[in-house]
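Good morning, colleagues. I would ask you to keep the sequence and the structure in view while I speak about a sheet and several charged pairs.

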Amino acid sequence: MKKILLLFFIFANSYVFGQVTDSYYLPQNVTYDSRIPTPKQFLGYQVGEQHVTPYEQYAYMRELARLSDRFKVEVYGKTFENRELLLLTVTSPKNHAQIEQIKADHQKLVNPSQSGSLDIKKMPIVVWMGYSVHGNEASGTNSNLMSAYYLAAAQGASVDSLLNEAIILIDPCINADGGNRFATWVNINRSTNLVSDINSREFGETWPGGRTNHYWFDLNRDWLYQQMPESKGRLVKFYEWRPNILTDHHEMGSASTFFFQPGIPARTHPLTPKRNIELTAKIGKFHAAGLDKINSAYYTQENYDDFYYGKGSTLPDVNGSIGILFEQASSRGHLQETANGLLSFPFTIRNQVSATMSTLKAARAMRVELLEHMRSFYKESSTDAVKAYVFGGGKDAIKTWEMVNMLKRNQIDVYKLGKDETIEGQSFDKNTSYAVPMNQPQHRLIKSMFEKRTKFEDSLFYDISAWSLQYCMNTPTAEAKGAVSLGEKVSVNEFPKGKVIGNSTYAYFFEWNSYYAPRAAYELLKKGYTLKVAVEPLTALIGGKEQKFDYGTIQIVCNGNDPIELLKTLAERDGVDFYATPTGLTPNGIDLGSEKFRRLKQPKVLMLAGPGVNANDAGEIWHLLDQRINIPLTAADIETANRVNLDKYTHIVLAGGNYNNLSDEKIKRFVQGGGVLVAMTEGAEWTANKKIVSVTIKAKPTNDSNEKRPYSLQEKYNGAMETAGTIFEAKIDPTHPICFGYTQDKLALFKDNNIFFEDTKNPYNTPLIFTNNPLIAGYVHPKNEALIKNSPAVITQNLGTGRIILMSENPNFRAFWYGTNKLFLNSLFFGHIIGGGRFGGEE
């Protein structure tokens, strides 16, 4: 179905906005209700003349809902910057009058025991239109001003039929924070006489740009595990409605044209039915016809894939829907010079309007076919050898709790175990473990979330190749090939609150295995309490009984005061158990006054940000500390760090990115003076290359060969060398401070780079080392796998009185890698005690 039109962009160099009227965007074979204001009449400027802000857009949408009985508006969430997220329900007044019944009938499509009784020929189709999940891909957001006006004001039999036969859900601005950031930038840099020179500030938005949300997250990667409020709210409505089609309107490089799915066939996830691809291609013919009509260039079945189910255009595919990605060449402003000529903002909007209209035409024409596809999708029961996934136990109830949340957010049934089970050699306590049976409608999605796939038809990935939930969470999990005893179905997932055992004016203990233990520790340090960490195990008297405590146990020194009321609050908030002890003498192991209880410092963290730094990686750190652990984080641009006094900070953090403009001498002096440097991925590579640390980075392999190859295969061979998101196994040293809180001997790490450390030859400074057979799930080229085998994943070294901690991976990836967050947090709380002799570097 590949098609490239010879006619590209039709513009005159003397382009002026006065030439664009509503007719440029809208069908003219219908009449429009004069009671409904056009966007220009409401906003005071023509669509495309400047970039609409979320506030302006929402005001217009609410005006349409006030004036049109076809529109209803609801708020489905709020962003971190307190902006509302709207969803518009557009249909005929008749359908609005019975909307709850329509929704209930539509939900029956996913229930095999009920769907057979439905007369789908009489059911409306549900279409979800989602715009600009990336805030600086603005043609989508601006286009739905015209689409919404059409749906509110257009008159005639064709429009009436569409509204009678469809429920149209419009998500007009998925990323309101990023969208506002970008609209503000381009509008304040717009000239009256449009400047198309790519060197203009208008096309160079400041870091981090408008693509991401408040915490610099790419919301298009958050559809599956839903860590951001935008995603959580949106997916509630998605599953409430179960749309038959979901469109995802994006932008791409300015030198391109317009893309619509299907993508590259070989890069579709194997769990997606072939029927989905066929229907996507059939819908694509409607897009082609619409774009042909306005003489726009386009292409399909190239560049993009349908593999990772965490994106807006792919999660629908594993939910019986048809997800469709649209990618429009971006003007990144108002008028830009490109390889294809002048590209104007109105032109990009026009193509997105066309794609919206062609989607609605396809939905109406294929209504019964698409409804039947959803019904058939859910009628197919699982034939997998795995009958249930069982997980839980361990010593961290918080991660298990959040794992249940992730499953339930995707409408997956989770059950408590009916009895204790032993599966694949692992014991699961019915009081702390759960089961996810495969004999439920969401079995394909369940499989995708737990599988450990290592074989692929294609070796190139647009996004990550593995996202196995049990490894993301570091939660014990087993595959049950036979029946398991199911207890009560989880309806309300209660947070596992902690408790305070006993009371004391001498000391309390809490263990470091709870996910939120660092949050409790920081709160206590902030309030002035003395905390010490055990670098050796001990046995203490708790309630008159001996209890064992492992490496990383925290001692709260009471100094004659009992903090029990504060501890009760923290126990309830953070899910941490606190144990009172009346004496400093222990039956076994170190006593409470031992030098092997090292005093903790309150972390004061500086993270370098700004141009060159990977905004996603930096944002994940900011979000973790600010939203989960309640640690204030100073984020400063590299140029700021080069000129200010760094002594006020205990830690400097380098996320992924380019640090060529950072003063290595200043960083070295910071560490030599007692600071802790935590450097990850490219930040670690920079630290090693600048010889701040005695670590060597292995040379990256290439796919070079003396054998001559067709030029057309160059991209394939080079792309196969990328490690685009794979899960590997590492050996862990639980006695090392970086690994405090872990009780197992292996840990799954997520890798999305080709950075490999050489062995340091020091037997004590590599707390995590990849195993000899490290691949767990995902794709890796054999040359890269050879470099990963037995290589360090984390290296710690001393420099002067300070410490350097290097990580080849990002332990905070996309906020859903809960299982490795502890590695990063340990570097903040325990970094200063590493390799510090008797007193662990205490001054």
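T539 stands opposite K548 in β23. Please bear in mind that this is a predicted model. The strand β22, residues 538-542, pairs with β23 in the antiparallel sense over five bridges. Together with β26 they form an open sheet of three strands, in the order β23-β22-β26, and the pairing is antiparallel. Which strands stand at the edges? They are β23 (545-549) and β26 (588-589); each has a single partner strand, so one side of each is left without a neighbour in the sheet.

I turn now to the charged side chains. Side chains of opposite charge can pair when their charged atoms come close. A search of the whole structure finds 45 salt bridges, and I shall present three of them.

In one, D33 and R35 meet at 2.9 Å, N to O. D33 counts as buried because its relative accessibility is 17%, under the 20% cut-off. R35, at 54%, counts as exposed.

In another, R375 meets E372 at 2.7 Å, N to O. Both residues lie in helix α13 (residues 367-379), three residues apart, which is about one turn of the helix. R375 is buried at 11% relative accessibility, whereas E372 is partly exposed at 29%.

Finally, K489 and D413 form a salt bridge at 3.2 Å, N to O. This pair links distant parts of the chain, 76 residues apart: K489 belongs to strand β18 (residues 486-489), and D413 to the loop between α14 (397-409) and β13 (415-417). K489 is partly exposed at 40%, and D413 is partly exposed at 22%.

Conventions:
Residues are numbered from 1 along each chain as its sequence is written. This is a predicted model: local features need pLDDT of at least 70, side-chain atom pairs count only at pLDDT 80 or more; totals for chains, interfaces and linings use all residues. Side-chain values use heavy atoms; hydrogens and water are left out. Two strands pair if DSSP finds at least two bridges between them. Helices (H or I, at least four residues) and strands (E, at least two) are DSSP runs, numbered from the N terminus. A salt bridge is a side-chain nitrogen of Lys or Arg within 4 Å of a carboxyl oxygen of Asp or Glu. Buried means under 20% relative accessible area, exposed over 50%, partly exposed in between (1.4 Å probe, protein chains only).
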